[in-house]
Amino acid sequence: MTTKNLLSLLIWLPVVAGFAALLIGDGGDRTSARAKAMRWFSLLASLLIAAFSLPLLLQFDKSTAAMQFVERLPWITRFNAEYYLGVDGLSAPLILLTTFITPLVLISAWEVIKDRSAQYFAAFLILEGLMIGVFCALDAMLFYVFWEAMLVPMFLIIGVWGGQRRIYATIKFFLYTFLGSVFMLVSLIYLYTRTGSYDLLEFHKVPIDATAQTLIFLSFVAAFAVKVPMWPVHTWLPDAHVEAPTGGSVVLAAVMLKMGGYGFVRLALPITPDASGSLAWLLIALSLIAVVYIGLVALVQSDMKKLIAYSSIAHMGFVTLGFFLFWGILESTGDTNGVALGITGAMVQMISHGLISGAMFLCVGVMYDRVHSRNIGDYGGVVNTMPWFGAFMVLFAMSNAGLPGTSGFVGEFMVILASFKANFWIALLAATTLILGASYTLWMVKRVLFGEVANDKVAALQDLNAREFLMLTVLAVGVLLLGVWPQPLVEMMQPSVDALVDHIGRSKL
Amino acid sequence: MTFEIPNFGPAIPEMVLLGLISVVLIADLFVSDEKRIITFWLSMVSLAVVLVCTLYTAPGERIETFSGSYVSDMLATVLKVAATACLALVFVYSRDYLMKNNLRKGEFYLLSLFGLLGIFVMISANSLLTLYLGLETLSLSLYALVAFDRDSRICAEAAMKYFVLGAIASGAFLYGVSLVYGITGTINFVEMTAALQRVGSDDIALWFGLAFLIVGIAFKFGAVPFHMWLPDVYQGARTPVTLYLGSLSKIASFALAARILIDGLPLLHEQWHQMLAVLAILSLALGNVVAIAQTNIKRMLAYSTISHVGFILLGFFAGNNEGYQAALFYTLTYAFTAAGAFGVVALLSRAGFEAENLEDFAGLNARSPWFAAMMACFMLGMAGIPPWVGFWAKLHIIEAVLQASRTVGDAAPVFVGVAITMVLFSVVGAYYYLRVLKFMYFDDAKDNAPIEASVDMKLALSANGLAILALGIVPGGLLALCARVIG
């Protein structure tokens with residue numbers, strides 16, 4: 001198979017399929033033949049996209065940090081912006097994650113979305129294309145266009161199919177992320193006035209003085225910290241997660257949050273290495289607050305979705321922690337191997353969290369579809385009536401708590417190991433996640449799954465149907481595979497991480 | 001003394017337009033109200049002819065005529081073509097509305113065409129007096145247009161307000177003209193630049209005159225604090241007239257500012273760029289913040305216009321070619337986006353019912369997914385969300401300001417601060433545009449009346465909406481055109 005225009009295909013096929021799904025329509029009724037055709041069409045399209053993304057795994061050259069599958073065309077000559085796509089070890093796994101999650105999201109909506117199902121499926125397909133675009137873009141303008149355009153379908157997904165307070169949540173989501181991003185836009189334009197192009201790789205090379213670097217770095221932090229999200233700009237996330245439909249929560253947690261992390265490694269660290277170094281303490285502090293404080297906040301939640309949302313923030317704290325340990329390790333050991341460990345760990349954590357949080361939200365979705373409540377208090381003893389579901393949920397919960405053998409363990413362990421090299425106290429605080437994560441996740445599992453059957457609704461529950469069984473199985477396989485055999489993923493990332501480490505180790509002043 | 005026959009070439013579009021207006025005027029006398037559609041088609045044909053004339057007589061280089069008081073250049077061609085196309089859209093969007101609301105008067109088309117003539121004269125003006133002639137032709141047509149539904153009290157009130165304030169602004173502008181003339185001894189823009197080089201720009205009387213010219217420009221644009229008329233007139237006028245004011249009028253205002261500031265007084269940039277900065281920042285702040293509180297969509301769009309004017313003025317503020325190009329790009333794209341947005345308001349209105357409240361947009365997605373999507377295009381275009389074209393317009397302005405910051409030395413932090421102010425207020429602005437989306441997509445319809453419109457209107461509106469999106473995906477051509485016109 002030719003891989004010449006592979007990335008363009010991965011971006012535009014979902015978008016085109018999304019518009020096609022809109023054209024097919026749902027006939028105003030979920031059960032109509034038309035709606036059925038539209039659903040199958042969308043699912044097949046997303047599976048096809050997943051199949052097309054396989055060359056990113058199979059034909060990926062693991063020996064180089066250079067950009068691969070590059071496409072480069074002039075786009076806006078006035079601004080010297082190009083249609084410039086390419087992937088390396090940092091972005092390819094995230095694209096694979098996106099193409100892997102989207103079919104599951106569509107499957108999860110199969111019978112559940114009753115109103116305007118064509119628009120729902122279309123929104124997710126278009127969103128998929130735009131998200132892949134963010135990960136592929138090597139031109140800052142192209143990156144920004146995808147980055148912002150992505151907000152529109154998500155805005156509609158939460159606002160149309162969300163829960164009670166959906167309008168509040170979706171406007172908050174949009175404005176929060178938009179506010180963060182516009183600062184980044186100013187920085188990107190400033191860098192353009194310096195280099196005369198929007199080429200991100202040129203941005204990596206251009207020397208910038210200390211003041212400008214600090215300002216640019218802070219603007220990047222504004223954009224990415226909101227997206228990750230980091231404490232204290234995380235408050236949109238619990239709202240958005242709670243109100244979003246299941247599919248929206250899954251995509252939000254599994255992929256969208258990763259864009260913040262991706263932004264740090266693609267833009268913030270390489271463009272402003274010196275400012276990143278001098279302000280690393282700040283980011284590490286915020287990450288540790290996310291890990292410890294947000295972990296405690298998660299403990300007291302009574303709403304399952306909110307609990308998982310807070311758990312996401314805590315886990316993403318590990319990602320940012322891993323990125324910014326670099327300077328600490330360099331100072332205390334002078335060993336660049338350990339540095340790479342922190343960043344690799346953070347990247348692995350992103351992929352793993354994508355799978356686990358997606359799975360957790362799907363589990364909550366499965367229960368919500370039956371009982372129409374997200375309240376932990378409304379459940380109890382679910383395992384008695386839904387044994388298969390119970391097994392899956394326990395597996396994902398264990399993984400969320402970082403049990404060895406599951407994917408959740410690998411990333412966290414690498415980051416904790418790296419933080420030991422930097423500073424004992426950082427490591428100590430980071431390691432509390434092993435206790436906190438286990439507490440809030442397992443306590444929730446205990447209250448929801450185990451014990452006596454709590455009420456009639458739980459007693460009347462039906463176990464997983466084939467559709468739900470399928471999507472949870474796929475995720476379970478992913479979580480276990482990554483847990484016992486993370487080597488291919490790590491190998492894929494290694495050259496790019498090493499190149500990044502080498503790049504940010506050198507001053508750009 | 002010999003009498004020289006001037007070169008009429010550069011003014012051919014204007015003369016053709018005037019001739020055609022006379023034809024329409026006379027023809028309209030013999031047409032009964034039921035057959036008013038004839039006037040519409042005659043006007044459309046006139047616009048098509050004018051468009052062809054403008055393109056056909058487009059000069060490759062700058063030509064002056066009428067003793068240097070009239071000019072034809074690429075900028076003029078681009079603006080005239082845009083204004084003509086925009087007016088054609090206005091007519092198409094208005095026809096059904098006028099029919100449905102029993103406003104079958106030929107005057108709407110005639111006054112609009114006279115207004116276009118005024119705009120043409122402003123676009124091609126090369127002296128302060130020609131500019132003023134064009135400005136008054138446009139303004140008088142607009143006053144009459146606003147009062148065009150003569151039985152409506154709200155229209156009359158709006159027209160009165162517009163007229164009184166407009167007259168004061170014209171007076172101020174004329175006062176500024178006389179002061180500048182007094183100092184420089186000329187009203188011709190080219191000679192003015194030469195005269196300023198001679199007498200220097202350190203003359204307080206000159207600055208005084210400049211300030212009055214800026215007042216005129218600011219009033220025409222509706223920049224704070226000269227914006228008071230704008231929300232009331234937008235709301236009070238019938239939707240077709242608001243459509244005219246919201247789109248064409250901006251092209252005229254741009255021409256006014258460009259001719260005075262770029263052609264006439266570039267040497268006073270140091271002085272006017274400070275005045276514009278204040279006007280622009282105030283407009284951004286007030287426009288965006290007050291728009292949030294509006295429940296009437298025409299009024300909301302009026303305040304949104306004020307904020308967009310802030311952006312356009314900041315293009316001039318940058319004072320470099322990038323900035324002027326950006327202001328041109330912004331004006332052109334905004335005019336068509338606004339035309340589309342008001343077009344949707346006209347589309348949803350029925351006999352005796354104005355769809356002017358935000359609630360009237362509730363559930364539009366259920367009533368007509370396609371036109372809800374078009375309205376979403378216009379709103380997101382105005383909000384400056386990529387990939388809609390408004391994003392590039394804003395980006396271009398910010399880029400120009402940051403570009404300028406690299407050449408101004410110590411004042412650089414001010415320019416960077418201005419850029420940050422711009423993006424912050426566009427976030428504030430995003431809120432009220434999103435609120436329209438909220439009504440259309442998240443709320444249930446209160447009103448399930450079918451949307452009736454003629455095919456050409458639906459087609460034009462769809463083309464308009466798709467153009468806003470398509471230009472956002474491939475803005476290169478229009479950007480390059482703007483760069484060629486000014487530069």
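Residues are numbered from 1 along each chain as its sequence is written, and chains are lettered from A in the order in which they are written. Because the model is predicted, local features need pLDDT of at least 70 and side-chain atom pairs count only at pLDDT 80 or more, whereas totals for chains, interfaces and linings use all residues.

Me: What makes residues of chain A and chain B count as in contact, and how many do?
Reply: Two residues are in contact if their C-beta atoms, placed from the backbone, lie within 7 Å; by that test 26 residues of chain A are in contact with 26 residues of chain B.

Me: Which classes make up the side of chain A that touches chain B?
Reply: Ala, Val, Leu, Ile, Met, Phe, Trp, Tyr, Cys and Pro count as nonpolar, Asp, Glu, Lys and Arg as charged, and the others, Gly among them, as polar; the residues on this side therefore divide into 21 nonpolar, three polar and two charged.

Me: How do the axes of α13(B) and α18(B) cross?
Reply: Axes are lines fitted to C-alpha atoms, for helices over the stretch in contact, with angles from 0 to 180 degrees between N-to-C directions; those of α13 (residues 321–348) and α18 (residues 455–473) of chain B come within 10 Å and cross at roughly 140°. Their contact has nine nonpolar, six polar and no charged residues.

Me: What is the predictor's confidence in chain B?
Reply: On pLDDT, the predictor's confidence in each residue from 0 to 100, chain B averages 90, and 100% of the residues score at least 70.

Definitions and conventions. Helix = DSSP H or I, 4+ residues; strand = E, 2+ residues; numbered from the N terminus.
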